[in-house]
Amino acid sequence: MLNDEDFGAILLTLKLASLVTVILLLVGTPIAWWLAHTVSRWKGIIGALVALPLVLPPAVLGFYLLVLMGPQGAVGQFTKAIGLGTLPFTFGGLVIASVIYSLPFVVQPLQNAFEAIGTRPLEVAATLRASPLDTFFSVVVPLARPGFLTASILGFAHTIGEFGVVLMVGGNIPDKTRVISMQIFNHVETGEYAQAHWLSAGMLVFSFVVLLVLYTLTPNPWRQR
Amino acid sequence: MKLFIRIGLTAVIAFSTVTAWAEEVHVAVAANFIKPMEKIAADFEKATGNKVLTAAGASGKLVEQMKHGAPFEVFLSADQKNPMKLETEKLDVPGSRYTYAIGKLVLWSAQPDYVDDKGEVLKTGDFQHIAIADPKTAPYGKAALSVMEKMALLDTLKPKIVQGDSIAQTQAFVGSGNAELGFVALSQVIKDTTGSSWMVPQDWYEPLSQDVILLKTGENNAAAKALLDYLKTAPAQAVIKDYGYDLPTWATSDAK
């Protein structure tokens with residue numbers, strides 16, 4: 001059935017996806033908030049940049065990351081200067097790559113949720129002397145809860161399925177960068193179909209459950225009307 | 001409009017005669033041999049008018065693909081075991097396999113003066129990453145492992161090993177500087193003038209006797225057979241030698 005390397009890959013993938021989801025919620029929320037409320041002419045450009053990983057081939061993203069994070073790249077020289085070394089082939093490198101790769105899957109649901117709330121509740125809260133931060137946590141967050149849920153689930157699931165970028169910058173290192181999809185690829189390419197089947201079936205069930213949870217927990221907009 | 005149709009028809013007729021005359025050969029090539037193969041293929045196309053379509057990858061992966069029906073007609077492996085697997089699966093034309101080159105492993109870095117001519121740099125361990133090809137599928141990766149084992153360094157170096165999908169990606173990892181050094185094929189870096197390298201003694205790893213084999217799919221393709229013959233000719237062997245490979249014994253004794 002599954003060997004130690006497979007379990008290592010599963011554990012690593014879960015660790016990666018959890019960490020990436022937390023980072024994405026922290027980074028994505030202010031971006032989504034800004035996108036939802038700004039009237040700046042930068043809105044289009046930033047929105048397009050955030051959505052870019054949706055359409056950009058993972059190979060392209062992986063290639064740029066490999067060059068940028070490498071010893072000659074701008075990011076690579078910076079990380080070397082602050083004593084981190086270079087990021088390709090490290091878990092940290094995968095985290096950064098995944099954050100970029102999954103960014104739109106977190107920002108867009110949040111942006112939609114914030115836009116749906118509109119400005120009216122914020123104005124009401126302001127008349128009741130709530131500070132903006134207080135308003136955000138006691139008014140916006142509860143109202144945008146479905147958005148946060150969707151964002152977390154999509155961000156997490158999308159990171160778990162990442163393959164192309166990992167192939168380019170991962171280096172296939174057990175317990176460091178060899179995630180589930182990489183391990184499936186290894187099994188298929190070496191003819192170990194039994195193990196590939198177990199891992200793939202696991203991913204299939206996982207993906208279905210994720211969507212099932214998502215569709216059951218998010219209120220159906222048609223029923224509400 | 002009439003003119004367009006006429007031109008179009010002429011083109012179609014011209015094209016169809018070309019395809020009828022010249023045949024296509026689909027060739028799977030071990031990644032280490034892709035550069036010499038491109039040169040050989042170009043010469044072969046010029047000499048015969050046939051067209052060569054190459055796909056490169058780790059030998060083990062290519063064999064897996066062929067077992068599942070990948071439409072290759074000729075396979076140039078980086079070892080003997082992988083083409084032998086095709087023989088066991090009866091996917092080959094019996095008796096077609098022969099050794100076309102003997103590969104050499106080098107420890108290479110894109111930085112000048114990084115790798116010394118005895119490979120002592122491996123013992124200092126003063127680097128973050130050492131790249132090898134996936135030993136499960138790439139013969140050059142397997143050879144790299146046995147060299148590190150022979151030097152009794154495998155355990156200390158293991159945490160620093162990064163694996164390329166094939167020897168081509170391995171070279172890219174080292175070439176881009178993301179891995180300071182790595183084990184690659186001599187043919188990949190023989191034209192490199194800026195980096196540094198150490199030619200690993202050939203008796204430190206199982207000989208990289210690289211075999212070519214004709215697949216059943218190419219049994220009736222004259223161009224595929226012609227390519228197999230062409231690999232044995234002097235111009236092809238000159239290219240193979242030029243990229244640092246040794247020629248098999250049959251070729252060296254024949255030549256004299």
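Colleague: What feature does UniProt place at residues 10–218 of chain A?
Modeller: The record, an unreviewed entry, gives "domain: ABC transmembrane type-1" there. The model itself is predicted. Over that stretch the chain is 79% helix and 0% strand. Its end C-alpha atoms are 28 Å apart.

Colleague: What makes up the secondary structure of chain A?
Modeller: Chain A has 12 helices and 0 strands. From the N terminus on, the order reads α-α-α-α-α-α-α-α-α-α-α-α. The C-alpha atoms fill a box of roughly 65 × 45 × 25 Å along the principal axes.

Colleague: How many helices and strands does chain B have?
Modeller: Chain B has 12 helices and 10 strands. Its C-alpha trace spans about 75 × 45 × 40 Å along the principal axes.

Colleague: Where does B:Ser209 lie, and which residues is it in contact with?
Modeller: B:Ser209 lies in strand 10 of chain B, residues 208–214. Leaving aside neighbours within four places in sequence, B:Ser209 is in contact with B:Asp79, B:Gln80, B:Thr99 and B:Ile102. The C-beta atoms of such a pair lie within 7 Å.

Colleague: Which way do the residues of strand 7 of chain B point, and are they buried or exposed?
Modeller: B:Ile161 and B:Gln163 point one way, while B:Val162 and B:Gly164 point the other way. All are buried.

Colleague: Which domains is chain B divided into?
Modeller: Domain 1 takes 2–102 + 209–255, and domain 2 takes 105–199. Their centres, taken over C-alpha atoms, are 28 Å apart. In the contact between them, 17 residues of domain 1 of chain B meet 16 residues of domain 2 of chain B. On the domain 1 side, helix 2 (34–48), strand 2 (51–57) and helix 3 of chain B each give two or more residues. That side has 9 nonpolar, 5 polar and 3 charged residues.

Colleague: Where does the largest nonpolar core lie, and how do you know?
Modeller: This core has 75 residues. Those with the most contacts inside it are B:Val74, B:Phe75, B:Leu76, B:Leu105 and B:Tyr140. Domain 1 and domain 2 of chain B both give residues to this core, so it lies between them. Take B:Phe75. Not counting residues up to four places away in sequence, B:Phe75 touches B:Ala28, B:Leu62, B:Met66, B:Pro83, B:Leu86, B:Val212, B:Ile213 and B:Leu215. Another core, of 41 residues, lies apart from the largest one. Among its members are A:Leu87, A:Leu94, A:Leu110 and A:Ile153.

Colleague: How many residues of chain B are in contact with chain A?
Modeller: The contact involves 15 residues of chain B and 16 residues of chain A. On the chain B side, helix 3 (59–67) and strand 7 (161–164) give two or more residues each. Helix 3 of chain B provides the largest share, 3 residues.

Colleague: What classes of residue make up that side of chain B?
Modeller: It divides into 2 nonpolar, 8 polar and 5 charged residues.

Conventions: Residues are numbered from 1 along each chain as its sequence is written. Chains are lettered from A and ligands numbered from 1 in the order in which they are written. This is a predicted model: local features need pLDDT of at least 70, side-chain atom pairs count only at pLDDT 80 or more; totals for chains, interfaces and linings use all residues. Two residues are in contact if their C-beta atoms, placed from the backbone, lie within 7 Å. Helices (H or I, at least four residues) and strands (E, at least two) are DSSP runs, numbered from the N terminus. Ala, Val, Leu, Ile, Met, Phe, Trp, Tyr, Cys and Pro count as nonpolar, Asp, Glu, Lys and Arg as charged, and the others, Gly among them, as polar. Domain bounds come from an automatic or database domain assignment. UniProt positions are given in the numbering used here, feature names are shortened, and annotations may be inferred rather than shown by experiment. A residue is buried if 20 or more other C-beta atoms lie within 10 Å of its own, exposed if 12 or fewer, and partly exposed in between; C-beta atoms are placed from the backbone. A nonpolar core is a set of buried Ala, Val, Leu, Ile, Met, Phe, Trp, Tyr and Cys residues joined through C-beta atoms within 7 Å.
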